[in-house]
Amino acid sequence: MIKSKRIDSFFKRKTCDKDEKNATSTSSELEKFPKNPRIEENDKQLSKVPRVTYNEFENSLERDPGKRPQIWQYPSNQTDEVRRAYLKWGPYQMHLENYPLSGKEDHPRRFQYTWFSIFPSWLEYSPSKDAAYCLPCYLFSKPSGRLGSDVFIATGFKSWRKVNNGKNCAFLKHIGKDPCSPHNNAVRACQDLLNQNCHIRNVFHVQSLDQIMKNHLRLKTSIDTVRYLSLQACAFRGHDETSESRNQGNFLEMIKLIASYNDEVAKVVLENAPYNSKYTSHKIQKEILNILSSKVKNHIREEVGDSKFCIIVDEARDESKKEQMALILRFVDKNGFIQERFFDIVHVKDTTTLTLKNELCVVLSRHNLNVSNIRGQGYDGASNMRGEWNELQVLFLNDCPYAYYVHCFAHRLQLALVAASREVIPIHKFFSKLTFIMNIVCSSSKRHDELQAAKLDEIAYLLEIDELENGKGANQICTLKRAGDTRWSSHFSSICSLINMYDATCSVLEKIIVDGSTYSQRGDADNAYKSLTSFEFILILHLMREIMGITDVLCQALQQQSQDVVNAMHLVRSTKTLIQNLREEGWDKLLKNVTSFCEKHDIEVPQFSASYVARKRRSRHQKDHITVEHYLRVEIFSVAIDKQLQELNCRFNDQAMELLTLSMTLVPKDAYKAFNIEDICTLVDKYYPMDFSEQEKINLHFQLQHFIVDARQDSNLKNLSTMQELCTCLATTKKSEVYYLIDRLLRLIMTLPVSTATTERSFSTMKLIKTRLRNKMEVDFLADSMIVYIERDIVTSFSSNSIIEHFKSLKERRAAL
């Protein structure tokens, strides 16, 4: 009886010496035959096409139909994954302001954007080739050798005059009347590829409805776990994820926890799951996270729609010293609200201008966002890359002359105030002494504990003599805060903390003077104590608190996402006015507060009418008959405020950007008092000529006349104060359809950036996610994690079933879903 063998045993390679000799001789004989040049050419083309994995598809596949390689040039084992990626994106339908003219010189024609609405499921347009393509035919059809069979696949269609030709329309001919035409066959192939129920594996291996429900529940558990961990910025993996490990990592431990509360989940997950569909591998975790990230980007892209947008860009190094460039999209949504959405973070190998521009264009092009629709650019201008940013905004202006650059208001304000404070010698000395005091008192945990103990004793004493009220949340014990180099708000916090902790700081310094372990510690503490208890130090301390208190309101306002550039300019003006009022009327009140503070803390108050003499030696340039009050008021108080005003006027000069000045006429404050029809029409003619046709520019003048009369009578429009409120009111009352030109202009102005605070927040998130223990995160994994964490309000709106459908369509799955 012949023993039965498995079929694969007949194809196993034998390793005997004789076979090795035969294989060597066979290969040497084959070398004698000439090689097929066509095969060699195909091998070269295949070598040029990168072998991409799933997570790299969105970063490696070319969206432009005129630039992408043909589908048969990809490795055969990755063809279906590439097809699914393109089908997930959909047709590349770029909306351009003006498509290029082509054809006969006497009657040139161009591509029409309205054709996308007629053929939405397959028609594509290539800006690089100025040609139309068919997505299903590209994915599943091959040129047959017949004339014209490769037009919509490889070469592209350009005969625009043949489109609007009734029944002889070239696009209708491409589709064909026959249900079995190449185009219709390609469309059915696309549908079959995404429909896994028709796959041969599922046809032979029919799974019951109960098994499908179990697969759903198992996958849903993994999806909820990934979503929870990513929203909390937690690590997925564990150091040891084997079954013997006592801690298998957050992902597996979370699934165990869910299973412990639900018997139905416990029956289908982990050890109770089939070996080929556990949905717990690292690859599956990344796929689910990438699906969430992709859905967020698609949601943002739908929010942007065809409206104009602004790019806000900044760069920073992550924990692994890689340069990461964050991209924020600022736009006005359909409800009239300003949105700043985190869209992507890109690793750049170098920070040259061309590299930055190319990376940004790749991200925008991948999601059908055209550079010509950019109406604003925002960079901080304060980093070591400000030269590159300046060149970058010029490059974008060359492609789109209406992408106006606005220097970040928050950075501009911080740089102005910090620079001005350093130019006044007494103020510069004050900040140096302030840093010196902070370093001594907060240099060790022991002194930090002594500082808080001293503050606790002070609070207990004040409560005992009824100078403080007791209650929940009152009398919190804080600590001293250090000031940053460029963050003005940190200077304000540092000064406020010192005033609050003044007695405790003095107590710690006195203790160090007596009990310091070395003479240098005692000497430094003595110098710090003398500086801290001088009247001049206390005066500057309170003066800078007043100035910073005024400007800190502006700093906080500029960092709000809903802030528009016109309202920001109004806040700058009000800040200048308040500082000017402080200079003219604030001296007496400041002097009274400082004197009261000194008397309370037993600090010697000088005679203001006495002659002022420098501490150590009389200056050779010392003027005679200079009193102490004159020195404090003129050379410190007035000079410090004048420097602040000078820097603010220099960096926030209204005349420097006429666009902002003209835009202020759109503010509806005081019953539309600033509305000036001529200025608004000038704004459109000069700065937004491509966004309004000649006829619309004429209509705008009359539409503004009607609007002013209507707005001053309508109760909904009457008491508005900002452009944000006006745009929202127009959208909610449906008057944006009546005054559509005014609504369009409002949205263009509101698109201009105010600050790069959103990019700064994204980098804070990056530090939270990519920590020292997670410094080997892949670039795609980091980007997906940041998008999900930052845009959590969008992520929570996705249902688990929609994510499962997306997961199912990515590739062939062994388990039926």
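Modeller: Helices (H or I, at least four residues) and strands (E, at least two) are DSSP runs, numbered from the N terminus. This is a predicted model, in which local features need pLDDT of at least 70, side-chain atom pairs count only at pLDDT 80 or more, and totals for chains, interfaces and linings use all residues. Residues are numbered from 1 along each chain as its sequence is written, and side-chain values use heavy atoms, without hydrogens and water.

Biologist: Where is Asp 130 found?

Modeller: Asp 130 sits in the loop that links β1 (123-126) to β2 (131-134). Its phi is positive, near 50 degrees, in a residue other than glycine.

Biologist: Why is Asp 130 called buried?

Modeller: Because its relative accessible area is 12%; buried means under 20%, exposed over 50% and partly exposed in between, with a 1.4 Å probe and protein chains only.

Biologist: And what about the phi of Leu 270?

Modeller: Leu 270 is not a glycine, yet its phi is positive, about 55 degrees. Leu 270 lies between α13 (263-266) and α14 (282-304), in the loop, and is buried at 17% relative accessible area.

Biologist: Is Arg 161 buried or exposed?

Modeller: Arg 161 counts as exposed, because its relative accessibility is 52%. Its loop runs between α7 (151-155) and α8 (170-175).

Biologist: Turning to α14, how many of its residues are buried?

Modeller: In α14, 17 of the 23 residues are buried, so the helix is mostly covered.

Biologist: What span should α14 have?

Modeller: The 23 residues of α14 should span 33 Å, taking 1.5 Å times one less than the number of residues. The end C-alpha atoms of α14 are 33 Å apart, which agrees.

Biologist: Which residue follows α14?

Modeller: Gly 305 does, with a positive phi near 60 degrees.
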